[in-house]
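Thank you all for coming; please have the sequence and the model open while I talk. I will go through the charged pairs, then one further residue, and end with the chain as a whole.

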Amino acid sequence: MAARDRVSDLQRYKADTEPEMAYLLRQTAELHRTFAKFVARMDALFGKPDALNDTELKRREADADFQAGQILQQVAGVEARCEQVSKAIGALWRKHAVSRFAVPMATPLPGFQETGIAGGHQEEDLKHFLTRHPEYHVVEIRKKTVQGTTLRLYKQYMWKKDGRPPAPANISERPAAHNSTPDGWVAAEVRLSTAGNLARWLDRGKDAANEWDAF
């Protein structure tokens, strides 16, 4: 699926779910207000020492308990629906983000020198991409394991001459750490960062984002 189609699907999903979320949240707030008024009325009623005899008091207490239980069930049901819709939206956002950042896309010259490979931030996807596109090459310059996944930082290169690039097994003719760039290759101005499990990384939220920025 093209990136434009993914964005369109996401926009349609948000358009479908946001009105329901707003309605459910309003309904939850209204039920909370209703319950608060109900409790206030019961407190006022049962606060009068000479208002009722024991039989009538017990009957009204039982009725109040039943009504309170009904209202609480409604509140719980609405909140559960709100949580379900919220999780669905969050899952879709994560899926979209993973698709957007994980899947590498070829970037031709001269754009490659400025931007490097588009996407490719999930390690396994990057490896598959490099197998299919030997005209690209990356060199690991840093690695760190944080919060259950491994982060890597790469220099990225592209073959700029006509014809096929040197085979990946031909190490001496491909870029390597601490060596000058071999003839025929051009380096991107930016580095490429990857995560071993991008979905898990995104789920870590703010802490993960701070770790990513620090890395």
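This is a predicted model: local features need pLDDT of at least 70, side-chain atom pairs count only at pLDDT 80 or more; totals for chains, interfaces and linings use all residues.

Let me begin with a question: with which residue does glutamate 140 form a salt bridge? The partner is arginine 152, and the closest N and O atoms of the two are 3.2 Å apart, where a salt bridge means a side-chain nitrogen of Lys or Arg within 4 Å of a carboxyl oxygen of Asp or Glu. Glutamate 140 lies in strand S1 and arginine 152 in strand S2, which covers residues 149-159, so this pair ties together parts that are 12 residues apart in sequence.

Residues are numbered from 1 along each chain as its sequence is written, and side-chain values use heavy atoms, with hydrogens and water left out.

As for accessibility, buried means under 20% relative accessible area, exposed means over 50%, and partly exposed is in between, using a 1.4 Å probe and protein chains only. Arginine 152 is buried because its relative accessible area is 19%, whereas glutamate 140, at 37%, counts as partly exposed.

The count comes to two salt bridges, and the other one joins aspartate 183 to lysine 161, with 2.5 Å from N to O. Both aspartate 183 and lysine 161 are in the loop between S2 and strand S3 (185-187), and they are 22 residues apart. Aspartate 183 counts as exposed at 59% relative accessibility, and lysine 161 as partly exposed at 40%.

Now to threonine 145, which is also found in strand S1, residues 136-146. Threonine 145 is exposed, with a relative accessible area of 57%, and its side chain makes a polar contact with the side chain of threonine 150 at 3.2 Å; a polar contact here is a pair of N or O atoms within 3.5 Å, where, within protein, one must be able to donate a hydrogen and the other to accept it, and residues adjacent in sequence count only if both atoms are side-chain atoms.

Finally, the whole chain: it has six helices and four strands, taken as DSSP runs of H or I with at least four residues for helices, and of E with at least two for strands. Of its 215 residues, 31% are buried.
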